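Let's take a friendly walk through a protein model together. Keep the sequence and the 3D view open as you read.

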Amino acid sequence: MHFRNFDYIFGSLISCAVDSSVFSQPETRTRFEALFRTYDKDVTFQYFKSFKRIRINFSSPLSAADAKIRLHKTEFLGKELKLYFAQTLHIGNPHLAPPDPEKQFLISPPASPPVGWKQADDATPVINYDLLYAISKLGPGEKYELHAATDSTPSVVVHVCDSDEEEEEEEDAAKKPKPKIIQTRRPDYAPSYQS
């Protein structure tokens with residue numbers, strides 16, 4: 001078969017659903033490797049027993065493609081051999097880059113701040129003087145409309161409670177004695193065995 005019209009960029013195959021004896025028995029492993037050595041003499045194998053996968057690395061993408069076309073879905077030790085191209089992802093640097101300096105403070109603040117760091121001033125609290133003035137003019141039992149009702153919104157009205165009733169209730173509660181908690185008696189205990 002001619003591969004001149006195809007542009008294969010992968011030089012490795014992943015074999016899935018492999019019989020578990022390939023990972024433990026050297027004779028079975030040799031038979032498995034012999035299947036692929038017919039396509040490339042310099043082929044290497046990486047066995048991932050916990051994933052039940054084998055990575056087969058070829059010296060050229062053409063030999064990997066030839067092996068995949070001829071051996072995919074063939075039978076090996078009573079199981080169907082499934083082969084897929086191994087995809088590699090090149091990110092550039094193999095190590096993760098640290099987060100941006102601004103985001104590092106969100107993760108964990110440093111023991112000492114960096115050069116030029118300044119503490120941000122807290123914002124001034126917003127005080128609604130109109131609301132404070134309106135509430136101060138109210139007496140017990142009166143009400144004050146903060147926001148007039150429209151067709152789509154309700155009105156907001158503040159009702160001032162009578163402070164005399166609240167004070168009387170607090171005084172009555174302070175005069176009443178606290179109820180005494182009676183301890184529960186321990187049930188009679190008789191051991192079921194004699195020592």
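## Overall make-up

The protein has 6 helices and 7 strands. Helices (H or I, at least four residues) and strands (E, at least two) are DSSP runs, numbered from the N terminus. Starting at the N terminus, the order of elements is β-α-α-β-β-α-β-β-α-α-β-β-α.

This is a predicted model, in which local features need pLDDT of at least 70 and side-chain atom pairs count only at pLDDT 80 or more, while totals for chains, interfaces and linings use all residues. Residues are numbered from 1 along each chain as its sequence is written, and side-chain values use heavy atoms, with hydrogens and water left out.

## Confidence

The score pLDDT is the predictor's confidence in each residue, from 0 to 100. The protein averages a pLDDT of 80, and 82% of the residues score at least 70. Residues 1–8 have a pLDDT below 50, and this stretch has 12 contacts in the model beyond near neighbours in sequence. Contact here means heavy atoms within 4.5 Å.

## Surface and burial

Of the 195 residues in the protein, 18% are buried. Buried means under 20% relative accessible area, exposed over 50%, and partly exposed in between (1.4 Å probe, protein chains only).

## The five-stranded sheet

Now look for an open sheet of 5 strands in the order β2-β3-β1-β5-β4, with antiparallel pairing. Two strands pair if DSSP finds at least two bridges between them. The edge strands, β2 (44–48) and β4, each pair on one side only. Neighbouring strands of this sheet are turned by 35 degrees against each other on average, direction ignored. Axes are lines fitted to C-alpha atoms, for helices over the stretch in contact, and angles run from 0 to 180 degrees between N-to-C directions.

Strand β1 (residues 12–16) joins β5 (residues 79–85) through 4 antiparallel bridges. Here L13 stands opposite F85, and I14 faces Y84. On β4 (residues 74–76), 3 bridges link the strand to β5, again antiparallel; F76 has K79 as its bridge partner. These two strands, β4 and β5, form a hairpin with 2 residues between them.

## Helices and the core

Helix α3 (residues 61–71) lies across β1, β4 and β5, at about 150 degrees to β5.

What makes up the largest nonpolar core? It has 17 residues, and F32, F36, I54, I56 and F58 touch the most other members. Elements α1 (21–24), α2, β3, α3 and β5 each supply at least two residues of this core, and α3 gives the largest share, 3 residues. A nonpolar core is a set of buried Ala, Val, Leu, Ile, Met, Phe, Trp, Tyr and Cys residues joined through side-chain atoms within 4.5 Å. Leaving aside neighbours within four places in sequence, F32 is in contact with S15, V22, F45, Y47, I54, I56, F76 and L81.

Most residues other than glycine have a negative phi. K73, in the loop between α3 and β4, has a positive phi near 65 degrees. Is K73 buried or exposed? K73 is exposed, with a relative accessible area of 52%.

L77 sits in the loop between β4 and β5, and its phi is also positive, near 55 degrees. L77 is partly exposed, at 33% relative accessible area.
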